[in-house]
Amino acid sequence: MRILLVEDDTVLRDVMLRSLADAGHRVDVSTNVEDADHLWRVQPFDAVLLDLNLPATASPTSGLASGLTALRQARARGDRTPVLVLTARGRTEERIAGLDAGADDYLGKPFDLAEVEARLRALVRRAKGTEDLVVLGQLKLDRKARRFAVANAPLDLPAREFEVLWELMSPPGRTVSKRALSDKLSGFDESLGDNALEAFISRLRKKLLGSGAGIRTLRGIGYLLEAEV
């Protein structure tokens, strides 16, 4: 998953960043409401981890005063990215405000990092209509374990090939545009070109031979993972 982490507490932010990165997620970080709003507008994310109590650095005319206002603006412009709000434990009014503004779930600080990832998986699963265990032919994805297998044998993939296949199986049978895949694999300091993406697809096709699943190119549209006859 590609996640936007919005948290200004240095210690907590660094711990969460390491934990999410170690779990294989791509994480973009913001420490204030203005940067968070900008990243949220220009980059598609699978989920947002949002601290409501952020320092406001934006101009008064932007209307941005807290993480709560950034959330409200995102929902007002039709952004449906799943949002997990981080609040101070015991602050019931914060949780209510976050949910009323459009948050999908909340966690009170301090929290267990394993619970953060479990809740993120649940939110993304609900948003995309996917399950933790996805099977297509003999190809299997276990989201909890973050593992692929073919005929019950582990399918070990380099990081970016893993991310491409993960996206194509979320869920399978869904057309994914080149732009969407490129955005998931690119960082703000790099851009993944079409040639590189096509190379990942080509290598994946070879590794999926005999699995009963194949990647079809829809010219000018994107890619589709489907069962092979």
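A residue is called buried when its relative accessible area is under 20%, exposed when over 50%, and partly exposed in between, with a 1.4 Å probe and protein chains only. By that rule His25, at a relative accessible area of 6%, is buried. The model is predicted, so local features need pLDDT of at least 70 and side-chain atom pairs count only at pLDDT 80 or more, while totals for chains, interfaces and linings use all residues. Residues are numbered from 1 along each chain as its sequence is written, and side-chain values use heavy atoms, with hydrogens and water left out.

His25 sits in the loop between α1 (10-22) and β2. Helices (H or I, at least four residues) and strands (E, at least two) are DSSP runs, numbered from the N terminus. His25 and Ala196 are 171 residues apart along the chain, and their C-alpha atoms are separated by 20 Å.

Strands of a sheet pair through backbone hydrogen bonds, either parallel or antiparallel. Here two strands are taken to pair if DSSP finds at least two bridges between them. Five strands form an open sheet with parallel pairing, in the order β2-β1-β3-β4-β5. At its edges are β2 (26-30) and β5 (105-109), each of which pairs on one side only. From one strand to the next the twist averages 20 degrees, where axes are lines fitted to C-alpha atoms, for helices over the stretch in contact, and angles run from 0 to 180 degrees between N-to-C directions. Strand β4 (residues 83-88) runs parallel to β5 and is joined to β5 by five bridges. Leu86 has Leu107 in β5 as its bridge partner.

Most residues other than glycine have a negative phi, and most peptide bonds are trans. The bond from Lys109 to Pro110, however, is cis, with omega near -5 degrees. Pro110 is placed in the loop between β5 and α5. Another cis peptide bond runs from Ser170 to Pro171, with omega near -10 degrees, and Pro171 is in the loop between α6 and α7.

A second open sheet has four strands in the order β6-β7-β8-β9, and its pairing is antiparallel. The edges are held by β6 and β9 (153-154), each with a single partner strand, so one side of each is left without a neighbour in the sheet. Four bridges join β6 to strand β7 (residues 139-142), and the two run antiparallel. Leu133 is the bridge partner of Asp142 in β7. Together β6 and β7 form a hairpin with two residues between them, and Gly137 in the turn has a positive phi of about 60 degrees.

In a regular strand the side chains alternate between the two faces of the sheet.

Arg146, in the loop between β7 and β8, has phi near 55 degrees. Asn152, in the loop between β8 and β9, has phi near 70 degrees. Arg146 is buried, with a relative accessible area of 16%, whereas Asn152 counts as exposed at 68%.The next topic is the nonpolar core, a set of buried Ala, Val, Leu, Ile, Met, Phe, Trp, Tyr and Cys residues joined through side-chain atoms within 4.5 Å. The largest such core has 27 residues, of which Leu139, Phe148, Val164, Leu165, Met169 and Leu225 touch the most other members. Elements giving two or more residues to this core include β6, β7, β8 (147-150), α8 (194-207), β10 (213-218) and β11 (222-227). The most comes from α6, with five residues.

On a 1 Å grid over the protein atoms alone, a pocket is an open set of points where a 1.4 Å probe fits, with protein on both sides within 12 Å along at least five of seven lines, and lining residues have an atom within 4 Å of a point. The lining includes Pro44, Phe45, Asp46, Glu167 and Arg174. Both α5 (113-128) and α7 (178-185) supply at least two lining residues, and α5 gives the largest share, three residues. The lining divides into seven nonpolar, no polar and five charged residues, where Ala, Val, Leu, Ile, Met, Phe, Trp, Tyr, Cys and Pro count as nonpolar, Asp, Glu, Lys and Arg as charged, and the others, Gly among them, as polar.
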